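Please open the structure in your viewer and keep the selection tool at hand. The tour begins with the whole chain and then moves to particular residues.

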Amino acid sequence: MTERAKEVGEGEGTVERRRKLELVKSTVKGTEKRQETTAEKKDFHHYSILQRKMEYKVTVATGTSEYSGTNNYIYVTLVGERGESERTVLDNPGLDFCRGAVDDYTVKSSADLGPLILVRLEKQKYWVEDNWFCRYVKVSIPGERCSYTFPCYRWLVGDKVVVELREGTAKKICYDNLPLEISHRTSELQERQKIYRWLAWAPGIPKCIDAKTEADLPQDARFDNEKRSDFVGSLNYALLELSLKKLAIKFGKSWDDLDDFKRIFWKLRSPIAEYTMTHWKEDWFFGYQFLNGSNPRMITRCKELPENFPVTGDMVQSSLISTTTLKEELKKGNIFMVDHAIMDGIPANVIRDRTQHIAAPLCLLYEHPEKGLIPIAIQLEQKPDKDTPIFLPSDPPLAWLLAKMWVRHAEFQVFQLLSHLLRTHLVVEVVCVATLRQLPAVHPIYKLLAPHLRYTLEINCRGRTQLISSDGIFKRVVSTGGDGLLILAQREYKVLTYRSLQPKFDFLDRGVTKLRNYFYRDYSLMLWDVIQNFVSGIVSLYYQSDSEIEQDSELQAWINDVAVEGFVEVPNFGLASELKTKEELITLLSVAIFTSTAQHAATNNGQFDWCAWVPNTPCTMRHPPPTDKDAVTMGLIMDTLPDISQSCVQMAITWHLGRAQPDAIPMGQYVEQYFTEPAALKVIDKFRKELKEVEEQIIAQNEGLELQYLYLCPSRMENSITI
């Protein structure tokens, strides 16, 4: 027994029990202490993560086009939910930011920034100002799987310029909850709306970008240097070559004979242009061009003859099969018409003090069971009198040939100014300007449309200043140049409808769903379905219901800008100023993409093929339409057709505008990756596969054909209007 036990009078058993009790207490206290220590360690570990100095790997990609690189200082700041990194100059040993370079850097932060929201890029001058094109920035944390992509695809122009890039995930405004995200969307649009402004270029036509020339556009809307050099160089090359031909053939002189036009077929030629030169006089070839030429949207089914076109059955009976009549063929749906009433009364151009001439022809066509689509009657005036002739295939050959030339002359005016320039270029420009003004770069619809709007603003500015201006090419060589082209454009826009831009409705409304060998129609519908499926796939990733469409304030501002601002001068267009359903959005986006790809290719890419042989599609006529069939001579035809100078310019311009572009991005090939999410990339991959299948079908259907229609092969179409 211990002294202490003795003092208190405790026995040995009591002491032992106390010792056990103290042992239990000490064990409990130890456990509690260890638990406290573990919790403290966890808190400290979490605190240390927040406070430790983080290192981020930053990858910066410079553009691949000429002059994309820079020798200026480039700084980067990473912005996350928990703060910002150090402002870091990006500087590796050797040269940085060379053309096409993908450079890696390390950016440090005093703490974990959390999920990244923005990348801030700054450019400062080093000796001299040197612009820089940034493709994208990628950020990752060494040793961790997490990475971020920040699409850029913009120029940094000027000294001390700052650009903030959103992380690549497409987001509607309702999914941005942080003040920084919302303020970035707002400031981006405010800045863009200062840069991209609407302009009423002329009354009665859609608005366009506020830029007097392409030089007034921001760098992001301009051609790359290679594109600019090629555009100017190719035009000068064509004009120089043909100027030499003019000198060799005598400037300003009329041709002596139709075969003389062969003398300007030197280096500028194509297989179809040469085929045209051989077959242009043949009636089946004349009819074929209404189906698959450069203006395949004009032909309509004729259910009854208009009062101002008094064709009788007896007149055309010799063109029909012997067992039928005109009346029967009208009922069967085998009679078609091309009516150029829109040309009636258009003031003619004056070129070198000589008034040119214009006609507004009506052409009746018959789908012959053996010969195909052939012309059976032509009238060159909309308001005929008793002396107005109706030209027939049974007429003297030169009279019938000249009548067909007058129809083709009207086709030149309509296809160049209306079908091509106004119904593709200027329609897409409205969508382009509205997109830049109302949709931030992070918005899914911006990401969808951006690749299909590349270069459109510059080529349209060049069109207004170089093609249809008061001193442009139309004024120099085209019969509707000068005041006439604006009046023609205003007439077209009075009748332009949104419905007519949708191919299924267009073919249905024109009554041409059963016309044979209408390759433009067949391939357009194939492409429309593929485009619509693609757009539907993208839209469905970000909009699950119609209500989400209505609630997207940025999307509603965009459609309002398109309908109320852009198409304000188009009274019957028929596009609502608000979107209520997914279907409405999908249709509108499909129209924009189809117009900027397939429709533009159909009207632009074949213009040299069909216009290089000038008698087939003359740009102007120097004598009035004939009124006496028997008075038509070869001398009259040669004096009516464009002279040597005008012919050379027509050939040069159609070659320049219709040739394949050296920097073309084929349809569906998205060189600039605005979407980064796997789900969106999967939809894009499916789109490409379906386009490839369409191309294979087109190639297979054209195999063995003497005259192939390949303008709508996806590999031959550009992703946007660039020419």
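With the chain drawn as a cartoon, you are looking at a predicted model in which there are 22 helices and 18 strands. Turn the view along the principal axes, and the C-alpha atoms fill a box of roughly 150 × 60 × 45 Å. The chain has a radius of gyration of 35 Å, whereas a compact globule of 723 residues would have one near 27 Å.

Of the 723 residues in the chain, 55% are buried. If you display contacts with a separation of 6 or more, 76% of them are accounted for by residues 24 or more positions apart.

Now select Tyr 73, Val 89, Tyr 126, Trp 127 and Val 128, which form a nonpolar patch on the surface and together have about 550 Å² of accessible area. Within that selection, Val 128 can be found in the loop between β6 (116-124) and β7 (132-140).

Then move to helix α11, which spans residues 456-467, and pick out Arg 464 within that helix. Is Arg 464 buried or exposed? Arg 464 counts as buried because its relative accessibility is 8%, below the 20% cut-off for that class.

Technical notes: Residues are numbered from 1 along each chain as its sequence is written. This is a predicted model: local features need pLDDT of at least 70, side-chain atom pairs count only at pLDDT 80 or more; totals for chains, interfaces and linings use all residues. Side-chain values use heavy atoms; hydrogens and water are left out. Helices (H or I, at least four residues) and strands (E, at least two) are DSSP runs, numbered from the N terminus. Buried means under 20% relative accessible area, exposed over 50%, partly exposed in between (1.4 Å probe, protein chains only). Patches are made of residues with over 30% relative accessible area and no salt bridge: like charges are joined within 9 Å, nonpolar side chains (Val, Leu, Ile, Met, Phe, Trp, Tyr) within 5 Å. Accessible areas come from the Shrake-Rupley method with a 1.4 Å probe; for residues, only the protein chains shown count as cover. A salt bridge is a side-chain nitrogen of Lys or Arg within 4 Å of a carboxyl oxygen of Asp or Glu. The radius of gyration is taken over C-alpha atoms; the globule rule is 2.2 Å times the number of residues to the power 0.38. Contact means heavy atoms within 4.5 Å.
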